[in-house]
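This briefing covers a contact between two chains and the surroundings of one ligand.

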Amino acid sequence: MQEFPKHPFRTHGGAPVPHHKNTWNAPSAVLPPPERVIIPMQQHIGAPCKPTVKKGDHVYVGQVVGDNDAFVCAPIHASVSGTVNSITKVLLTGGQMTEAVIIDSDGQMEPDPSIAPPPPIKSKKELADAARKAGLVGLGGAGFPAHVKLNVPDGKNIDTLIINVAECEPYVTSDHREALENGKNVLDGIYKVKEILDVHRVLIAVEDNKPDVIQKLTEIADDPQKDPKDEVRVLALKSRYPQGAEKVLVQACTGRKVAPGQLPADVGCLVMNIASVSFLASFMRTGMPLTLKRVTIDGSAIKNPQNVIVPIGTPIKDVVEFCGGYKSEPRKILMGGPMMGIAITSDELPILKQNNAILAFDAREAQQYETTACIRCGRCVAACPMELMPTKLEKATEKKDVEALQELDIMTCMECGCCAFSCPAGRRLVQAIRLGKSYVRKAGKK
Amino acid sequence: MEKLIVSSSPHFNGKKTTQNIMLDVIIGLTPAMIASVIIFGIRAAVVIITCIASCVLSEYISRRVMKRPQTVGDLSCVVTGILLALNLPVTINPLMAVFGSVAAIVVIKQMFGGIGQNFVNPALTARIILMNSFPAPMTHWTAAFDYSATADAVTTATPLSGMMYVNSPNSAPDYWQLFLGTHGGCLGETCALAIIIGGVYLIIRKVISPVIPVTYLATVAVFSALLGRDPLFDLLAGGLMLGAFFMATDYTTSPLYFRARIVFAIGCGVLTILIREFGSLPEGVSYSIVLMNIITPLIERYVKPRAFGKPKEKKGKGAA
Ligand code: SF4
Ligand code: SF4
C-alpha cells in the first residue's frame, strides 16, 4: 500500500495573504431564474464551441447549445428553459470576442426531457466521455476541459488522486460550502473516480484554516464499507497561498515536483477540484450536465456577501442585485479571487463555468498602489513558489531580451501573484511577466 | 456606474513598502547610535546629524537637478547617512563628513540611477574614499569616554591596530571591553552588543534574512581559527558586526537569493580575515564587502536558483 503523508511536504515561497473568508458560514442561496442568460461559446481553455441552436429555438435546461469536435473543448448547455433571443458576439474578459447564445428565460426551468441517468461507468474511456458530455471543465478557475485530464495516456501510471479543497484565494469560499453542503456527493464522486482509475491513494487536501471542512470530510471519508482499506484520507495543508495551485499542491501532497512543461500525470498524480468530483457524482446520478455554479459574491461594495448557486450565463449584475446590490460605488469588479482574478469592465458580463467568485470593491480597496524603483531586496525571489526570479524577469522584459527570458524559465510562471504581493516597491511584476511571455510566444512563432 | 478600474492581477499587495523597511533599518541602527553617543560623547551625535543632513540634502538636490522623481521619502538616504557616520571617527572634521556624504549619495548612488542601481555600498565606499583622501584624520582614534579629545590629540590604538602593531602576547584582549565597545574606533565599530540587538531586530522584523550575517560571522570564526588567530577577538573587533548585520545585507549590493548569498557571505568572511592577517590595513571589513559587492553580478551569474522541478543541467563544459 502507498504511504500516506502525515504532514504536507514543504513547498517554496508563497505569500501571507489575508484570508477575508467572510462567507463560509452561511448556506448558499439559490438564485431564482434570471430573465435572460448570456452563454458564451468559450468557457474553457481550448477551441471555442459553435452554437447548435438558432434564434427563436426553444431550449430546455441542460440542452446542448454549443459544441465542437475538437478534442480540447467541452460542450456548453442551456442553463434556463426559454427561447433563444439571439446569437451575438460578446466581449469577454481578456479582450477576446466570442459568440454567445442569449436565451430569454420562460421562468419554468424545465429540464430537457431527454436527460436521463447515464448507464453505469465502467472504464476510463467511459468516464472521460461522461465528463465531456456533462460539459465539465476544471471548476477551480483554470477551466481546462475535464475529459482531457481524465484521459490519462496508457503509459502513465496514476498512483495518487488529489482532491483540491485548498481554496487559498482570499474571500473565495465556494469550495468550502461545497464540502459542507455536499460532502456525501463529493465522496461518491471520489470513490467512483478512484475505482475507475484504479488509484489506491486519495488525498483530500484542505488548508488548515478550514477545520470544519477537515472534520466533516474526515468523518465521511472514514467509511469502512466503501473504503475498507482506508485509502481515502484528508490531508491538512498549511494555510499559505498558493497551496491550491496545481504544481504546489502536488508537491505539498507527495513531495514530487512537476517539471516545466509537464503535467501532474507525469509524476503519477491526478488533481481534481472538489466541485468537479462532486458534480461528476451528481451527473452520474441524474444525467444533468453542468448548468449551475456556486459563486462567492463578496467584496467591500457588496451589501450582503454570500455564496449563490446561479445558472451559468446569468449576468453578474443580477446576482449582485440578489445579494442586496451595491452598498457603495464599485470601482473594481473581479472574476475570481484578488490574487489571480481578472478585473472586468462591466457587470453585464455573464457568470462562466469556471467562475468561483465575483468580488466588487469600492474606491478604497480598488486604489492603485504606487510603484517605486526595485531595491533588489529579493522578496519576490523568496516568495515565488516556482523558484523563479521575478525581478530579473521584469528587467529582461523591459529589454525585450527573449533569450534571457527563456533562460530564466519565464514560461514556468503560473501568475500566482506572490511576487508582486511581496514587493515593497509595488512593482507590477506579474503584468511584466505576462508581457514577457507574449514576447517569448511571438519569438517562438517566427 | 463610473468606469471600472481594470488592472492586472494581483489586486492585493502586502503592507511592506520601501519606506517602512528603511524605517525599520533606522530603528535597528538606533542602539548603535545611542551607544556611540554614550561612548564618545555629544560629538558623536554631531557627526551623525551632519551625515544624515548632508545625505538627505544631497539626495534631494541631485534628484531635483536630474529631474527625476523625488525619492527622499523612501528614507534610504537617511540610512546611508547613519551608516556613514558609524564608519567615521568621532574627531572627524564635519566638512569631511559632508564630503563623504556627497560622495556616497551623488557619486555612488545617484549617478548610477538611484536606489537599487548602485553596485557598491555607498556608505562603505565613501569611507574608503575618505580613508584614501584623508588618511590621518580618518585614523585618529580617541579613547572611549575621552569626551574632549581633539583630532590633534594623541590617538589611542584601536584593538585591531593594537594587535597588529604591538602584538605582545601579554596584552590579551579584554572580550568584555570589546563586546560593550569601551575602546577606540569608529562610532559604530565599538559596541558589538548594540549592533547585535539592532541586527536581531531586523531579522525578527524580516527586514534582513539571517543568511548573510550568520554565514559571514561563521566564516570569519572558522577561518580565523584555521589561521591560528583568536576567533572571538576577530568576531568582536573592528567593524565586523556592523558590516555583517548592516552593510553586507544591503539589498542593492548583495545577491538576491539564498545560494548566491551564501557564496557572497563566505567571500566576505574569507577576505576579511585575509586582509586582517596579511594586508597592510588592520581593518578588512569595508574592503571585503565592497569587493564582494563588485563581484555580486558575477556570483549571480554562476550560482543560479533552479526553476521548480527543472532537471539538473548536465555540466557540458567539462572541468575547465
Ligand atoms: S520584491 Fe520588488 S523590490 Fe524586491 S527585488 Fe523583487 S522587484 Fe525588486
Ligand atoms: S514569478 Fe510567477 S510563479 Fe513566481 S511568484 Fe510571480 S507570479 Fe507567481
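Between chain B and chain A there are 20 residue pairs in polar contact, both residues at pLDDT 80 or more; a polar contact is a pair of N or O atoms within 3.5 Å, where within protein one must be able to donate a hydrogen and the other to accept it, and residues adjacent in sequence count only if both atoms are side-chain atoms. The model is predicted, so local features need pLDDT of at least 70 and side-chain atom pairs pLDDT 80 or more, while totals for chains, interfaces and linings use all residues. Residues are numbered from 1 along each chain as its sequence is written, chains are lettered from A and ligands numbered from 1 in the order written, and side-chain values use heavy atoms, without hydrogens and water.

**Salt bridges**
- Chain B and chain A share 4 salt bridges (a side-chain nitrogen of Lys or Arg within 4 Å of a carboxyl oxygen of Asp or Glu).
- A:Arg376 pairs with B:Glu300 in a salt bridge, with the closest N and O atoms 2.9 Å apart.

**Contact and buried area**
- Chain A brings 60 residues to the contact and chain B 38 residues (heavy atoms within 4.5 Å).
- About 4,100 Å² is buried between the chains, 58% of it from carbon and sulfur atoms (accessible area, 1.4 Å probe, lost on being put together, summed over both parts).
- B:Phe12, B:Leu256 and B:Phe308 supply 22% of the area that chain B buries against chain A, more than any other three residues.

**Ligand 2**
- Around ligand 2 there are 13 residues, of which A:Cys384, A:Cys413, A:Cys416, A:Gly417 and A:Cys419 come nearest (a heavy atom within 4 Å).

Notes. Buried area = accessible area lost by both parts, 1.4 Å probe.
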